[in-house]
Amino acid sequence: MYKQIRLRKGKDESLRRFHPWVFSGAIQSIDDGVEEGEIVRVITNSGDFIAVGHYQQGSIAVRVLSFSDIAIDDDFWASRLRSALQMRVDIGVADNPQNNTYRLVHGEGDNMPGLIVDVYGETAVMQAHSIGMHLCRHTIARSLAGVMGQRIKNIYYKSETTLPFMTAEDRNGFLIGGSEDNIATENGLKFCVDWLKGQKTGFFVDQRENRSLLERYARGRRVLNMFCYTGGFSFYAMRGGAELVHSVDSSEKAIALTRENVELNFPGDSRHEAFCEDAFKFLENSQPSYDLIILDPPAFAKHRGALHNALKGYTRLNQKAFEKIERGGILFTFSCSQVVTKDHFRNAVFTAAALAKRKVRILHQLHQPADHPINIYHPEGEYLKGLVLYVE
């Protein structure tokens with residue numbers, strides 16, 4: 001029997017609406033001996049069962065795994081993973097010969113809060129965002145291998161950046177298998193995945209559909225890809241027939257990976273050039289004229305306290321792009337900050353357009369792809385916002 005957490009009177013309403021978080025302020029009492037990462041039963045003030053999940057100290061005290069009073073065992077993980085895989089098969093992302101790169105598990109969106117699994121060819125990269133998922137990693141990996149069968153041969157665990165408490169014994173590494181083959185395919189294009197030291201799980205899978213959209217607009221254009229990371233937008237632009245593509249990132253390692261990825265797909269192609277430089281400085285000093293610009297910065301706000309400064313940053317960045325882009329140019333601009341809402345982001349971009357004194361029309365409003373699903377009871381899961389703008 002799991003230890004229990006009792007809620008304050010009236011604090012069970014959000015759980016009755018199936019929201020998957022219990023906040024610390026809603027808790028009346030915790031059984032003695034409950035440790036971080038432990039599975040606990042959550043009961044109402046009157047003692048009725050309402051949820052079972054992982055306990056953790058902090059604002060989000062319990063991440064709900066089930067609203068049924070069940071054991072969290074091998075069968076539970078296998079069932080959740082099978083459901084996640086089936087959805088990816090049904091929407092045509094998994095088992096696609098042109099695309100062996102996709103997100104298999106998206107935390108709350110797949111009813112596994114605190115867990116991310118991205119698939120790159122024959123390797124699944126697993127990342128924990130909660131202590132509970134970290135402690136379950138070996139059990140989850142075994143279930144994952146069973147559910148995926150011949151689809152994958154390796155499972156790599158990568159959580160040092162998301163769980164700073166990890167000890168030397170817990171560090172990143174293969175839980176199953178082991179491979180140095182880090183070439184994956186997305187919509188027929190190849191790229192190297194740096195799951196050892198790269199950001200996130202090694203690649204930004206969430207921009208797959210937005211990169212495809214950009215490809216449709218790239219023909220004959222001079223493209224600037226800011227915050228390029230490993231160059232995803234850049235090699236899609238090249239396949240789309242761009243006249244010139246410049247990739248910019250402040251990380252030398254990212255620039256090296258961008259060059260490697262471009263060479264994988266377009267060996268010896270002189271249309272591409274990469275620059276290791278600060279984004280704001282590059283925009284300030286850039287001489288070539290661009291008529292397609294991509295702004296895909298890292299999260300400017302990781303918590304609500306940083307929201308004000310983040311919005312100022314988005315405004316400043318987009319204003320620079322509006323000032324530099326040619327007439328008839330197209331701007332792809334994004335925010336991946338969860339605390340920045342669609343309205344926040346749109347207002348920051350609109351302010352930037354007004355300050356730059358440009359006429360701007362919205363062509364597309366973008367978001368995360370279907371393999372990054374949003375739990376309908378957890379609207380906080382909608383984190384990626386984007387606009388495609390026509391600039392006169």
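Eleven aromatic pairs are counted in this predicted model, where rings of Phe, Tyr and Trp (its six-membered ring) pair if their centres lie within 6.5 Å, planes under 30 degrees apart counting as stacked, over 60 as edge-to-face and the rest as tilted. The model is a predicted one, for which local features need pLDDT of at least 70 and side-chain atom pairs count only at pLDDT 80 or more, whereas totals for chains, interfaces and linings use all residues. Residues are numbered from 1 along each chain as its sequence is written, and side-chain values use heavy atoms, with hydrogens and water left out.

One of these pairs is formed by Phe-204 and Tyr-229, which is edge-to-face because the ring centres are 5.0 Å apart and the planes stand at 75 degrees. Phe-204 belongs to the loop between strand 13 (189–192) and helix 5 (208–217), and Tyr-229 to the loop between strand 14 (222–226) and helix 6 (232–239), so the pair ties together parts that are 25 residues apart in sequence; helices (H or I, at least four residues) and strands (E, at least two) are DSSP runs, numbered from the N terminus. Tyr-229 is buried, its relative accessible area being 7%, where buried means under 20% relative accessible area, exposed over 50% and partly exposed in between (1.4 Å probe, protein chains only). Phe-275 and Phe-282 form a tilted pair, with 5.3 Å from centre to centre and 50 degrees between the planes. In this pair Phe-275 is partly exposed at 22% relative accessibility, while Phe-282 is buried at 8%. Phe-18, Phe-67 and Tyr-377 form one aromatic cluster.

The charged end of Arg-316 lies over the ring of Phe-280 at 4.0 Å from its centre, and Arg-271 is placed over the face of Phe-266 at 5.8 Å from the ring centre.

Strand 14 is mostly covered, with four of its five residues buried. Strand 14 runs parallel to strand 15 (residues 244–249), to which five bridges join it, and Val-223 has Val-245 as its bridge partner in strand 15; two strands are taken to pair if DSSP finds at least two bridges between them. From strand 14 the chain crosses through helix 6 to strand 15 in a right-handed β-α-β crossover, a term used if, with the strands pointing away from the viewer, the path from the first strand over the helix to the second runs clockwise. Four bridges join strand 14 to strand 17 (residues 290–295), also in parallel, and Met-226 is partnered there by Leu-295. Helix 6 is mostly covered, with seven of its eight residues buried, among them Phe-233, Phe-235 and Tyr-236. Just after helix 6, Gly-241 adopts a positive phi of about 95 degrees.

An open sheet of mixed pairing is formed by five strands in the order 7-8-9-10-11, with strand 7 (101–106) and strand 11 (173–176) as the edge strands, each pairing on one side only. Strand 9 (residues 123–128) and strand 10 (residues 154–157) pair in the parallel sense over four bridges, and Val-125 has Tyr-156 as its bridge partner in strand 10. Helix 4 (residues 137–148) packs on the sheet and touches strand 7, strand 8 (115–120), strand 9, strand 10 and strand 11, contact meaning heavy atoms within 4.5 Å.

How values were computed:
Lys NZ or Arg CZ within 6 Å of the ring centre and 35° of its normal. Axes fitted to C-alpha atoms, helices over the stretch in contact; angles between N-to-C directions.
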